Amino acid sequence: MRVGTIRTDWQTRGLGHPRQGTKRLAHHYLEHMLTNPRLCRFRTYRGEVLLDDANQPVIGEWETINTVEEWETVCAVVAERKQKDPGRMLARKYLLSGIARCGLCHAKIRGQANRLWKPGSKAAKFSYQCSVVNGGCGRVARVGEPVDEFIISLVLAEQRERAAVSAVAPAQQWPKAAELAAVEADLVELTQAAKAKKITVSTLLLLLPDLERRRDELKLERGRFNKDRQQAESLSADIGEDFRSLPIERQQALVLHSLSAVLIHPAGRGRRKFDPSLIEPVWR
């Protein structure tokens, strides 16, 4: 789920504290709240987690809101979304915007609202159209609702089948746990050796940066691993929910969990009955 969606939900429910003179929570403020180490009782100093002599986080005396795994997962999600990735899906108004492609030229198809539609009207509310303006051929268009319903039925059926198989599979563990434990042990050993004057402080400062960098890299990898696992679990949970009640990015995430694209082929001119054979899902 996007930070923007969370922000909108919080504002709707009157949560959070916008700056004086504004009505909206700042994006960076909410992002900081969601990734604050204090959520899992880690003490901090100037944004950095305080570590004890055993190289473990110093624990504060307040109620835990997130587990360490949950906090690392959120941090991994935020870190990934900060990276520049022009191919990343952003939530859009229509389910298959950015996912559907023209069956002739393979350009991405956009959703287009029908300005003549009114509540109670039998006209289509929107359509998917290959647009010349967006680099397409402009020769393919299709009423949107039946395409969405067809894809939703396919995706939910495939994911229910996948969930039934994964339910009996053992939970996968992060494969680099031993390496992280070894790096953390090395950090403790170096610090204790310096205190016991077995090595000089200059030697300590020479060796620490590489180990600390590797520790932080491994923790970020662990967060990403847990993120992928939890996303898969949450997607499975969403299968049992009313699909239409989910935020648009959750709907798109469910679709993209099964499909890499949807090809929409031309149906010819005139009013025609919906033909599912002209909608081609590209499975992952």
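Q: In this predicted model, which residue forms a salt bridge with Glu221?
A: The closest N and O atoms of the pair are 3.8 Å apart.

Q: Is Glu221 buried, partly exposed or exposed?
A: The relative accessible area of Glu221 is 26%. Buried means under 20% and exposed means over 50%, with partly exposed in between. Glu221 is therefore partly exposed.

Q: How many residues apart in sequence are the parts tied together by Glu179 and Arg214?
A: Glu179 lies in helix H5 (residues 177–195), whereas Arg214 lies in helix H6, so the pair ties together parts of the chain whose separation in sequence is 35 residues.

Q: What is the distance, N to O, in the salt bridge of Arg222 and Glu72?
A: A search of the whole structure finds 8 salt bridges. One of them brings together the side chains of Arg222 and Glu72, with an N to O distance of 2.5 Å.

Q: Which helices hold Arg222 and Glu72?
A: The salt bridge between Arg222 and Glu72 ties together parts that are 150 residues apart in sequence, because the two residues lie in separate helices. Arg222 is partly exposed at 23% relative accessible area, while Glu72 is buried at 8%. The helix of Arg222 spans residues 201–239 and that of Glu72 spans residues 68–82; they are H6 and H3, respectively.

Q: Is the pair of Phe42 and Trp71 stacked or edge-to-face?
A: The structure holds 4 aromatic pairs. In the pair of Phe42 and Trp71, the ring centres are 5.7 Å apart and the planes stand at 80°. Planes over 60 degrees apart count as edge-to-face, so the pair of Phe42 and Trp71 is edge-to-face.

Q: What is the angle between the ring planes of Tyr94 and Phe126?
A: Tyr94 and Phe126 form an aromatic pair, with 4.5 Å from centre to centre. Tyr94 is buried at 12% relative accessible area, and Phe126 is buried at 8%. Their pair is stacked, and the angle between the planes is 20°.

Q: Which strands stand at the edges of the open sheet?
A: The open sheet is formed by 3 strands with antiparallel pairing, in the order E4-E5-E6. Each edge strand has a single partner strand, so one side of each is left without a neighbour in the sheet. The edge strands are E4 (110–113) and E6 (141–143).

Q: What is the bridge partner of Gln112 in E5?
A: Strands of a sheet pair through backbone hydrogen bonds, either parallel or antiparallel. E4 and E5 run antiparallel and are joined by 4 bridges. In E5, the bridge partner of Gln112 is Ser127.

Methods:
Residues are numbered from 1 along each chain as its sequence is written. This is a predicted model: local features need pLDDT of at least 70, side-chain atom pairs count only at pLDDT 80 or more; totals for chains, interfaces and linings use all residues. Side-chain values use heavy atoms; hydrogens and water are left out. A salt bridge is a side-chain nitrogen of Lys or Arg within 4 Å of a carboxyl oxygen of Asp or Glu. Buried means under 20% relative accessible area, exposed over 50%, partly exposed in between (1.4 Å probe, protein chains only). Rings of Phe, Tyr and Trp (its six-membered ring) pair if their centres lie within 6.5 Å; planes under 30 degrees apart count as stacked, over 60 as edge-to-face and the rest as tilted. Two strands pair if DSSP finds at least two bridges between them.
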